[in-house]
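Okay, thanks for coming, everyone. Let's get the model up on the screen and walk through it together.

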Amino acid sequence: METQPSEPIASTSPSFDLIVPCAFGLEAIVKRELKGLGIDASISDSGRVSFQGSHESICRANLWLRTADRILIRVAEFPAGDFDALFDTTRDIPWGNLLPADAAFPVTGRSIKSTLTSVPACQRSVKKAIVEAMMRDHRTSELPETGPLYKVDAAIVKDVATLTIDTTGRSLHRRGYRTHISAAPLKETLASAMVLLSYWRNGRPLIDPFCGSGTIPIEAARIGRNMAPGLEREFACQAWPDFSAELWSDARATAANQSLPPLEEKILASDIDGRVLTAARDNAIRAGVQDDIHFQAMPVHEISSKKTFGCVIANPPYGQRIGSGQSSRFDSEDQNADGPEDWELDELYESLPAIFERLPTWSRYILTAYSNLEHAMGRAADRRRKLYNGRIECTYYQYHGPKPSPADKPNKTSPPAETEASEQTTPAPPAPEPPKPKPKSPWPQSPPKS
């Protein structure tokens, strides 16, 4: 029997059941972003936000979400304690309503705390079941898989299988502007979250003294100018026949028209390494915000500003022993065992209070895995939030400056972004005891390395 035309059977559902994966700790921010798009969502699990949406809302979510990883269509969720249950239930799903006859549908998989421990075997079972369902629904004996990509994932957690189709393709953190990255790159999604969790907004001064390849200032500039993060890239579902070219054209045109003029106040981005600033400037050009950021080669201890009520948002170095439990002398029983990298790291963080004293009205936001930051700062943070930089568990320390008077505030009506996402913020602990006098460093003194 010949293969039928590639158009899918129209879905009988008025909307899709959608999952938005994100990094742990960013769920409330993703939920707030969706609310800003007019989409009601709920936090369904750690690293998961869910909502009901149409084709149009899938387009908008892919174009606009700054802190999410991707948009998934949840096809089904069911008990799968054995292979028969996994295969039979998957085969009973009307896959022809979702996939055209020529769809390419690779199957990925995961198994966590489940009876079915062999992921390759689960993938093969799901793939075979979809093939049988597709041949049934499209009344064909051939599935060439030469058409658009529909990436299917079978996640089995505690004997419950969740089948999803990825609408995004490459992760949403891949905006398309960053071709040059530093040695320790920060994902664009996490950089956006740092900005959205701060009190910064267009019209306020902002400094990133460890800018590296420029991810934080670039994301801040695009947030301040309301530039859709996905405007310059493509998505998997653009090639799907039920997502028309007109739908995507309208969504992109609307997003482009909502962009704002250049920032009222240029962002200052500095780094001690002038070579990475060349890459940062190139990234800013591709991101369309080169006129919104002033890049300058400068060691952190030279940072200063005559402006008031600004924000410092930074991701300083963590040290060589991240995850080892010995990243500084505060953690080491043998203080002479640490190398110069650890001493320089301690000196860097202990230099921050003196630097921030020159910015008395500024708020400071620091993401780091350096566990003794509050000791180095001499006081507890106003708020702390656990976030993950890749697989590294970090803390986002938030030190709030004094509130500006109405005359000092930028002429903006939107409230600080931090207020709505604070329900998951860890309360600040009691102020730490002052650190013990540090032993004299056996290493030559030099300016802190950023």
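This is a predicted model: local features need pLDDT of at least 70, side-chain atom pairs count only at pLDDT 80 or more; totals for chains, interfaces and linings use all residues.

Residues are numbered from 1 along each chain as its sequence is written, and side-chain values use heavy atoms, with hydrogens and water left out.

The protein chain has 10 helices and 15 strands; helices are DSSP runs of H or I with at least four residues, strands are runs of E with at least two, and both are numbered from the N terminus. Of the 450 residues in the protein chain, 51% are buried. If you take contacts between residues at least 6 apart in sequence, 79% of them join residues at least 24 apart. The accessible surface is about 20700 Å², and carbon and sulfur atoms own 51% of that. Those areas come from the Shrake-Rupley method with a 1.4 Å probe, and for residues only the protein chains shown count as cover.

Let's zoom in on helix α5, residues 188-196.

First up, α6, which spans residues 215-224. The axes of α5 and α6 come within 9 Å and cross at roughly 60°. An axis here is a line fitted to C-alpha atoms, for helices over the stretch in contact, and angles run from 0 to 180 degrees between N-to-C directions. At the meeting place, α5 brings residues including Ala 191 and Val 195, and α6 brings residues including Ile 216 and Ile 223. By class, that contact has seven nonpolar, two polar and two charged residues. For the record, Ala, Val, Leu, Ile, Met, Phe, Trp, Tyr, Cys and Pro count as nonpolar, Asp, Glu, Lys and Arg as charged, and the others, Gly among them, as polar.

The buried ones include Ile 29, Arg 32 and Leu 34. They pack against β1, β2, β3, α2, α5 and β13. Just after α1, look for Gly 38, which has a positive phi of about 80°.

Two strands pair if DSSP finds at least two bridges between them. Start with β11, residues 311-314, which is covered on both faces: Cys 311 and Ile 313 are buried on one side, Val 312 and Ala 314 on the other. In a regular strand the side chains alternate between the two faces of the sheet. On to the partners: β8 joins β11 through two bridges, running parallel, and Ile 207 sits opposite Val 312. β11 also pairs in parallel with β12, over four bridges, where Cys 311 has Ser 363 as its bridge partner.

From β12 we hop to β14: that pair is antiparallel, with five bridges, and Arg 364 stands opposite Tyr 399. Why call β14 largely enclosed? Because six of its eight residues are buried. β14 also pairs with β13, antiparallel again, over seven bridges, with Leu 387 and Cys 394 as bridge partners. The hairpin of β13 and β14 has two residues between the strands, and Gly 390 there takes a positive phi near 65°.

Last stop, a different part of the model. There's an open sheet of seven strands with mixed pairing, in the order β2-β3-β1-β4-β7-β6-β5. Its edge strands are β2 and β5, each pairing on one side only. The twist averages 35° from one strand to the next. Helix α4, residues 119-138, packs on the sheet and touches β5, β6 and β7, and its direction makes about 135° with that of β5. Inside the sheet, β4 and β7 pair in the antiparallel sense over seven bridges, and Phe 78 stands opposite Ala 161.

How values were computed: Contact means heavy atoms within 4.5 Å. Buried means under 20% relative accessible area, exposed over 50%, partly exposed in between (1.4 Å probe, protein chains only).
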